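Hi,

Here is the structure I promised to pass on. Have a look at it first, then read my notes on the pockets below.

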Amino acid sequence: MSILITGSTGKFGKNSIEFLLSNGVDPKSIIALVRDESKGKQFQDKGLNFRIGDYSNEESLVKEFDGIEKLLFISSSDIENRIDHHNNVIKAAKQVGSIKHLVYTSFLRKEEVEKSGNSSIDFVGKPHIFAEELIEKSGINYTILQNILYTDFLTEFFFGEKVLENGIFFPAGNGIGNYATRKDMAEAAVNILLDENQQNHLNKKYIISNEESSSFEDAAKILSEISGKTISYTSPDVATFENTLTGFGVPQVYIQLSVAFGLAIQNNEFNILKTDLSTLLKRKPTTLKQFLFDTYQ
């Protein structure tokens, strides 16, 4: 059995590889796809194989997918070129003919919001919709993981590095979300790849979210408990948020992304109670409180 992980140098990819190894998978059967040879050494040191391929180069992908039986396709992080990247990966996977199971990390959308076309994060969802449709038409057995917003994004992008000093300043309003951790999602993906009853997962879509719903006010209370002092949560209007971050020299691209996600959270677009994650993990997903304690304590 050969398993290839795309996006292997990213956090999701690395987490997935660690879960494969901890489950006793022979390192030699794990192939990490990297963009250049220098990035492959970290996997070689662990006994893994690596291949060099680029989402923007379909021919390179056809070559490196040859002989692969299982493919964990981690979606492209390049927002501008994501549709082209996804198209190249899926076309290459179809062309090689050896792939028996493709697991794709998609993005969870609320059906009513998707139909309305009024989401501030349409630009995030559309490339995933495109990819899902291509995969379904490809003839390859697939599992699509419709992943909710990572809990990790709250701490990595939304809270700021000095959240325990300055509090949370983010335009999320009173919105609530069922955020799930990147590690839980990677573990679920690996569990699917390694399940002896593969037929149970073929040509299915899974909703990957948390059982609990949390607000940024909830996060502030947890951070207060961790730090032993009151951590405030301020949800500014968009203009104030933009002006404040501009004053700190934050790039406009990052500011606009933050606003888009803030408005989506306000609109409760990540408040999706149904989830398959607990079943795939065979346990309850990591709570916001567990994650924040692990991150900050």
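**Pocket notes**

The second largest pocket has a lining of 11 nonpolar, six polar and three charged residues (Ala, Val, Leu, Ile, Met, Phe, Trp, Tyr, Cys and Pro count as nonpolar, Asp, Glu, Lys and Arg as charged, the others, Gly among them, as polar). A pocket here is an open set of points on a 1 Å grid over the protein atoms alone, where a 1.4 Å probe fits, with protein on both sides within 12 Å along at least five of seven lines; lining residues have an atom within 4 Å of a point. This pocket holds about 510 Å³, the volume being the space filled by probe spheres set on the points, which are joined across faces, edges and corners. Phe-159, Gly-160, Glu-161, Lys-162 and Asn-166 lie nearest its centre. H7 gives the most to this lining, four residues; helices are DSSP runs of H or I with at least four residues, strands are E runs of at least two, both numbered from the N terminus.

Before you go further: this is a predicted model, with local features needing pLDDT of at least 70, side-chain atom pairs pLDDT 80 or more, and totals for chains, interfaces and linings using all residues. Residues are numbered from 1 along each chain as its sequence is written, and side-chain values use heavy atoms, without hydrogens and water.

The largest pocket comes to about 1,200 Å³. Among its 40 lining residues, Ser-75, Ser-76, Ser-77, Asp-78 and Arg-82 are the closest to its centre. The lining splits into 17 nonpolar, 15 polar and eight charged residues.

Cheers
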